[in-house]
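Let's walk through this structure together, starting with its open spaces and then turning to a pair of helices.

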Amino acid sequence: MSWPLNDREAMVPMRDGVRLATDVHLPPGPGPFPVVLERTPYGKREASRSERTAAKPDPATREEVAATFLAAGYAVVYQDCRGRHASEGVFTKYLSEGEDGFDTMAWILAQPWCDGRIGTMGLSYAAHTQAALGCLNPPGLRAQVLDSGGFFDSYQGGIRYGGAFELKQATWAYTQALKSPETLADPVRRAALEAEDIAGWMARMPWKPGHSPLRHAPDYEAYLFEQWREGAFGPFWERLGIYAKGWHDRYAPVPVVHMSSWYDPYPRTATENYLGLKAAGRGPQWLILGPWTHGDRSVTFAGDADFGPDATVDSWAGDWRAFRLRFLDRWVRDVSNGVEEDPPVRIFIMGGGSGRRNGEGRLEHGGRWRAERDWPLPGTEFTRFFLHGDGTLSEAPPEEGAAPLSYDVDPARPVPSIGGSITSGEPVMVGGGFDQVEGPRFFGCAPPYIPLAARTDVLAFQTEPLTEDVEITGPVTVHLWAATDGPDTDFTAKLVDVYPPNADYPQGFALNITDGIIRARYRRDWRNPVPMTPGVPEKITVELFPTSNLFKAGHRIRVDIASANFPHYDVNPNTGEPDGASRRTRRAVNTIFVDAGRASHAVLPVIPARRAAG
């Protein structure tokens with residue numbers, strides 16, 4: 001049985017009667033067949049930018065990707081998410097994907113060409129759709145490949161982080177509103193949206209509902225402000241589609257690959273889902289963490305940092321399509337190909353390169369892949385590095401009576417985002433590794449362009465030049481004793497690899513490795529915000545995204561403390577007003593304590609030298 005090409009689209013009914021546009025690609029032969037399913041808001045017939053290989057950098061079409069699986073005997077199903085492209089209904093970001101995915105699976109199982117076995121795949125939002133349906137344990141599901149997504153807890157990565165709001169949600173909403181069916185069908189709405197200057201709007205925050213660049217697309221504006229204004233953790237954040245953590249004990253008991261990267265917004269999602277589903281006994285789990293930005297698994301760089309020719313997933317997997325086929329063959333088609341013997345954890349340890357500028361103008365940071373047994377790595381030595389009043393960072397505890405360090409925070413001049421774990425931020429911001437120096441490429445910077453560490457609202461603490469290599473791999477936390485002179489503020493922390501000067505970089509190169517943020521009102525309890533008492537120091541923890549980096553001998557380990565990372569996250573007005581609804585701003589004076597009784601410090605996951613060499 002096969003379908004003619006022009007008859008491949010089906011309108012699949014959901015439980016509420018809304019129909020979702022679905023393309024079915026069938027291999028030759030009588031069938032029935034195992035099935036590969038991908039659900040996407042980006043267009044089921046649009047090429048995904050990430051469907052590329054190191055050998056073929058141009059993205060493959062949907063038909064070309066399907067052909068790989070068709071040749072192996074799979075039927076391939078692509079579906080437009082609700083309210084997107086050819087599908088009916090109203091798009092509400094993330095929240096329809098569980099039930100719609102379950103209903104789509106049920107429809108597939110009822111088709112004569114399906115043999116009852118289904119595997120799922122997809123990047124980013126298409127990974128979120130997989131995790132959402134996986135939470136409902138649908139019949140027929142045999143395996144999943146979650147690539148850079150699948151919300152463990154969107155309150156702690158993807159929508160909010162540390163209580164702050166990720167402004168990629170605003171840039172994504174604007175970009176996708178331009179492509180929505182409603183916009184494409186309405187020339188006036190389209191013209192109005194196209195006339196907006198999203199970067200200009202970013203410079204004029206805070207926004208108001210009905211008075212934002214999304215006011216011409218009220219459906220997109222509504223869900224954006226709903227996310228923005230739900231500052232405290234609660235039932236809103238525990239809903240299906242954005243909180244797999246709450247379903248781990250009932251998740252589909254199937255093999256799952258969790259893949260992300262160090263400059264992606266989802267390495268914490270990947271590690272936490274890996275750990276949670278493994279602990280719940282929901283089937284064998286694999287974890288892959290590379291050095292790239294979001295979905296860029298077949299390139300060797302992130303921002304201005306290059307990790308060498310072996311940095312791609314292609315270097316050990318053949319390519320990503322071959323990897324997925326092998327994995328699905330084992331668990332969907334029961335092919336004995338040895339996948340179960342693969343290492344459960346594969347990570348890329350960044351660093352170790354020459355530190356010179358390569359032919360493409362990027363820093364040769366280098367790195368290598370390593371197979372591991374688990375995450376965090378067995379034998380990790382979680383080591384305290386203390387912040388000292390003279391700007392040093394060391395394992396030596398601070399002195400009694402050391403004076404605190406204060407700095408002014410001006411919401412009108414926030415510390416700019418220079419790379420990091422950012423995606424979907426164009427044209428306002430980009431992710432990756434960059435020298436932490438202001439410049440015209442980065443939003444919010446102005447002449448004279450100076451190093452971030454030179455700003456008066458940034459406190460930089462760094463080690464002496466290292467006498468030997470130090471590998472840091474795992475979750476990173478910074479514990480601050482901090483105070484502010486108002487009811488609320490933010491604290492940010494950033495881990496930086498400081499290169500010594502060389503002929504290509506005579507001023508050195510301060511490479512951002514990972515970062516995090518905390519909104520002070522949530523320092524005690526995500527569910528119940530509590531204002532700060534002006535002038536009273538409290539212990540505040542900043543959780544950074546997990547990472548892996550080899551700090552070479554001669555380099556310095558640096559931790560930067562500030563109170564903004566904009567436009568990655570929204571700026572705290574320091575007034576204590578509700579999240580996403582502020583109308584005023586105030587300058588704040590923030591203080592970090594560095595004395596023996598209030599010893600601010602970073603906890604770094606140090607891998608012993610004998611272990612790192614293995």
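The largest pocket has a volume of about 830 Å³. Here a pocket is an open set of points on a 1 Å grid over the protein atoms alone, where a 1.4 Å probe fits, with protein on both sides within 12 Å along at least five of seven lines; the volume is the space filled by probe spheres set on those points. The model is predicted, with local features needing pLDDT of at least 70 and side-chain atom pairs pLDDT 80 or more, while totals for chains, interfaces and linings use all residues. Numbering runs from 1 along each chain as its sequence is written, and side-chain values use heavy atoms, without hydrogens and water.

Lining residues have an atom within 4 Å of a point. The largest pocket has 40 of them, and Tyr 42, Arg 49, His 294, Thr 423 and Ser 424 lie nearest its centre. Helix 4 gives the largest share of this lining, 4 residues. By type, the lining divides into 12 nonpolar, 16 polar (Gly among them) and 12 charged residues (Asp, Glu, Lys and Arg).

The second largest pocket, at about 600 Å³, is lined by 34 residues, with Pro 411, Ala 412, Pro 414, Phe 566 and Val 571 closest to its centre. Its lining holds 20 nonpolar, 5 polar and 9 charged residues.

Now back to helix 4 (residues 168–178), which packs against helix 6 (residues 187–194) at an angle of about 145°, with axes 10 Å apart. Helices are DSSP runs of H or I, at least four residues, and axes are lines fitted to C-alpha atoms over the stretch in contact, with angles from 0 to 180 degrees between N-to-C directions. Tyr 174, Ala 177 and Leu 178 in helix 4 meet Arg 189, Arg 190, Leu 193 and Glu 194 in helix 6, contact being heavy atoms within 4.5 Å.

Note on methods:
Helix = DSSP H or I, 4+ residues; strand = E, 2+ residues; numbered from the N terminus.
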